[in-house]
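Subject: Structure handover

Hello,

Here is the structure for you to look through. Please open it first, then read my notes on the aromatic rings below.

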Amino acid sequence: MLKYKLIKTANAKGSFYCPCTINERTFDLHDIAREIQNNSCFKRSDVLGLLCELKETLFRHLRDGDVVNLNDFGRFKLHVTGNSVTDPRQFRPSRDLTGVRCCFSPTSHGSDRQKDLYKDLEFERVKGGGNI
C-alpha cells in the first residue's frame, strides 16, 4: 500500500494541491541482506559481500556515463540537471550544471515470474498534518 497526502503549494497562478508520497520505513543494506538470508540458502555475510560489490561496480559504470541494465531488475542511469542558456557559447559547466540525478526504471517485461512494479498498486490517502 502506497500512502500519500496532499500538500498545498502556491505560485503566481494561485494555490493548488499536489500528492506527496509518505515513506514510513527505511530498509538499509543489512536489513535487505537479513531478508535475503531468511528467504534463501545464502548466508547474510555472502549477501552483504555481493551487494557491496554490486554497488561498487554499479557506481563505477554510472560515473563513466554508462547505462546499467540489470535485466529482470531494471535500468540505472545518471541525468544531469542545469540552467538553460539562450546561446550554447554562454554555457559554463561550473555555473550552469546544477546537479546529477540517478534514474531507476524497473523492468516491466520478461519472464512470467517478473511482476510489473506498478501493477495493482493500491493507494491510501492520509489526512492530517495541516494539509488537506
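**Aromatic rings**

Phe76 counts as buried, with a relative accessibility of 14%. The cut-off for buried is under 20%, so Phe76 falls in that class. Keep in mind that this is a predicted model.

How many aromatic pairs does the structure hold? There are three.

Start with Phe73 and Phe104. Their ring centres are 5.4 Å apart and their planes sit at 45°, so this pair is tilted. Now look at where the two residues lie. Phe73 is in the loop between strand 3 (68–69) and strand 4 (74–82), and Phe104 is in strand 5 (residues 97–106), so the pair ties together parts 31 residues apart in sequence.

Next, take Phe76 and Phe104. The ring centres are 4.8 Å apart and the planes are at 40°, so this pair is also tilted. Phe76 belongs to strand 4 and Phe104 to strand 5. The two residues are 28 apart, and their pair links distant parts of the chain.

Which residues form one aromatic cluster? They are Phe73, Phe76 and Phe104.

Best wishes

How values were computed:
Residues are numbered from 1 along each chain as its sequence is written. This is a predicted model: local features need pLDDT of at least 70, side-chain atom pairs count only at pLDDT 80 or more; totals for chains, interfaces and linings use all residues. Side-chain values use heavy atoms; hydrogens and water are left out. Rings of Phe, Tyr and Trp (its six-membered ring) pair if their centres lie within 6.5 Å; planes under 30 degrees apart count as stacked, over 60 as edge-to-face and the rest as tilted. Helices (H or I, at least four residues) and strands (E, at least two) are DSSP runs, numbered from the N terminus. Buried means under 20% relative accessible area, exposed over 50%, partly exposed in between (1.4 Å probe, protein chains only).
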